[in-house]
Amino acid sequence: VTIRVGVDKPGHEIGPRLIGAFFEDINLSGDGGLNAELIKNGSLEIPKTLLGWSTVGEGVNAAQATEAPLSAANPTFLRLTIERRRPDGGVANEGFRGMGLREGEAYRFSFQGRAEAGRSAELLVKLMDESGEAIAEGSIKVEGSAWREHEAELTPSKTAKRGALQIWLKSGRLVDLDSISLCTTDTWQGRRHGLRRDLVQLLADLKPAFFRFPGGCIVEGSQLKYRYQWKTTIGPRDERRLIVNRWNTEFAHRPTPDYYQSFAVGFYEYFLLSEEIGAEPLPIINCGMACQFNTGELVPLDELGPYIQDALDLIEFANGPADSEWGAKRAAMGHPEPFGMKLLGVGNEQWGPEYFERYERFAKVLAERHPEIELISTSGPFPSGERFDYAWPLLRKMDVPIVDEHCYAMPDWFLREAHRYDDYDREGPEVFMGEYAAQSVQIVSPRNRNTLRCALAEAAFLTGVDRNSDIVTMSAYAPLLAHEDGWQWRPNLMWYDNLTSYGTPSYYVQQLFSQHKGDRALPVEVNDARPPAPIAGRFGLGSHNTAVEYRSIAVTKDGETIWAADKQLDAEDFIVHDGEWDVQPGLLAQPRRSGSARVVFGSADWADATLTCQARKTGGREGFS
Ligand code: AHR
């Protein structure tokens, strides 16, 4: 084999954005993950429930209350009242799948509190381990009827992986508590209410060129009212509006009906984090569409104004002078200098004409008002790894600068698609491979593992990205983070529990490519005189989010039919990668409702053969194939 590198042609420069990071609050990676806060529902704003809280001991009642709250933006608080003269009880908070508490580490417990006019209440705060033993204690006195901030530092005498916090009312008749927080003092950059240091360090060690936030499907929301609205995620922590997370039930192997977004980590924190890890910020905004895997709710075209305004205001928040309306909000949070945002994604993973007509409206206004911002458009979801045939002609016609492709597929697909971009149109938009991961089985199940084979397939794929970096200018693995007891999706790049965290083999592939990115991609010529190695010929038929009936399937080689669907199919012809196919002799019917599926069948003799298939689409959404 002769390999010649850099002969005759100079190759092309590899741009600075090749390997980035994708963050979404999925798998408890916001609250319960990046956010070092240990209290679940410390704002008490989840309607009609004391989620995360329970009573302990006896004689103390706990309820949500709203009279004379801390502020109009934070109207609900926790009221503890005694039910009998000598109470011996209080409330406990369970944290996010427990609380990680480290021996000898200082934790700051704080809250806004008040008692009754002219009276006081005494609280005993305890950190508990899994066995119910108190591993730290502190007392706090709350006096008078005006809201005041209180705090105590607690240092556990033992480490607990699934600890808890308890607040006992020791004296007094009533106490109101709000904005309750328990956070290690050992956060990233030592910030109060900061980020979990080990997770940020892992992320920083990837040296991502850009940091995409806040997702993912949560940009869209299951309904428009639950879409990500960046303006409600900035400003004082106590005033950020909480919503239910779109990942509550969808794809939930372990249903997590308690999954909310407190937005304690919001857009300001994402911009700051990007800056601190040396990554370009890449926010994605809602384009007037809810997640099409859920309701697909649409904002009428003539009512898109506020959505487009959100994009304009975001640019001002990130880049505007400190005396502009939105720049002033950034400055008030501690960052008078602009964040230098250059990229903006319009919509997450939308498809169909309804997306393109909305994108066009955003693009028109943004091009006029902010020609310096590079827009990223989506091309839809293709988890079974098909080509984006529907979207690309339209994207080219609209002269979109950068197109976001998403691919979740089996390792074989990534190996094969190392050549994906070799023949992409060099005159067309740039490609952002914005979400991808090799899946060991193509379903969201505990069997879907971060295997070494997955990582190697991703590495092979990245050699193609690197070689074609004149057209593929950006890429990001997804999702980034997952809590081992709270995931909805897998595989993920990094995993953690309440105390520890680690990078998967895929993480080290990302790190390898990002830390050792070249400046130029040189042309490579390979002369291999060896006879082709025998390959296991396999043909795959796939469809995504649609119902298909296969009518006829034939395989021909050298002009001869070597297999046809009227032949009785036997089990060896098929490897069903996803359990929901209905395989029948002579006919494949796929009655799937959602997700993706693929059947691979064939044998080694089928190498270099041609497969012809006639299929009929019997249901599903437009735009899927
Ligand atoms: O990465 C997980 C999900 O996959 C993202 O939220 C979505 O964009 C894609 O479908």
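Modeller: Happy to! One definition before we start: helices (H or I, at least four residues) and strands (E, at least two) are DSSP runs, numbered from the N terminus. Also keep in mind that this is a predicted model.

Colleague: Which domains is the chain divided into?

Modeller: There is domain 1 (11-34 + 188-525), then domain 2 (53-184), and domain 3 (539-620). The C-alpha centres of domain 1 and domain 2 are 37 Å apart. Where those two meet, domain 1 gives twelve residues to the contact and domain 2 gives 15. On the domain 1 side, the touching residues are two nonpolar, five polar and five charged.

Colleague: Switching topic: which residues are closest to the ligand?

Modeller: Those are Gly216, Cys217, Glu349, Ala478 and Pro479, out of 13 residues that surround the ligand. By type, the shell splits into six nonpolar, four polar and three charged residues.

Colleague: What kind of peptide bond joins Ala478 and Pro479?

Modeller: A cis one, with omega about -15°. Pro479 sits in the loop between β23 (472-477) and β24 (481-483). Another cis bond joins Phe213 and Pro214, with omega about 0°. Pro214 is in a loop too, between β15 (210-213) and β16 (243-244).

Colleague: Then what about Asn41: where is its phi?

Modeller: Near 65°, which is positive in a residue other than glycine. Asn41 lies in the loop between β3 (19-22) and β4 (53-58).

Colleague: Is Asn41 buried or exposed?

Modeller: Buried, because 21 other C-beta atoms lie within 10 Å, and the cut-off for buried is 20 or more. Phe263 also has a positive phi, about 65°, without being a glycine. Its loop runs between β17 (260-261) and α2 (267-276). Phe263 counts as buried because it has 27 other C-beta atoms within 10 Å.

Colleague: Let's do helices. How far does α5 reach from its first C-alpha to its last?

Modeller: Helix α5 (residues 353-369) has 17 residues and reaches 25 Å, close to the 24 Å expected. Its buried residues are Tyr355, Arg358, Tyr359 and Phe362. They span an arc of only 100° around the axis, so they are on the same side of α5.

Colleague: And which residues are exposed on the other side of α5?

Modeller: Pro353, Lys364 and Glu368. The buried residues of α5 are covered by elements including α3 (305-319), β19 (343-346) and β20 (374-381).

Colleague: Last one: which residues of α9 are buried?

Modeller: In α9 (residues 505-515), they are Ser506, Tyr507, Val509, Gln510 and Phe513. Looking down the axis, these fall within an arc of 160°, so they line one face of the helix. Their cover includes β3, β22 (430-438), α8 (452-467), β23, β25 (494-496) and β26 (501-503).

Note on methods. Residues are numbered from 1 along each chain as its sequence is written. This is a predicted model: local features need pLDDT of at least 70, side-chain atom pairs count only at pLDDT 80 or more; totals for chains, interfaces and linings use all residues. Domain bounds come from an automatic or database domain assignment. Two residues are in contact if their C-beta atoms, placed from the backbone, lie within 7 Å. Ala, Val, Leu, Ile, Met, Phe, Trp, Tyr, Cys and Pro count as nonpolar, Asp, Glu, Lys and Arg as charged, and the others, Gly among them, as polar. A residue is near a molecule or strand if its C-beta atom, placed from the backbone, lies within 6 Å of it. A residue is buried if 20 or more other C-beta atoms lie within 10 Å of its own, exposed if 12 or fewer, and partly exposed in between; C-beta atoms are placed from the backbone. The arc is that of the directions from the helix axis to the C-beta atoms. The expected span of a helix is 1.5 Å times one less than its number of residues.
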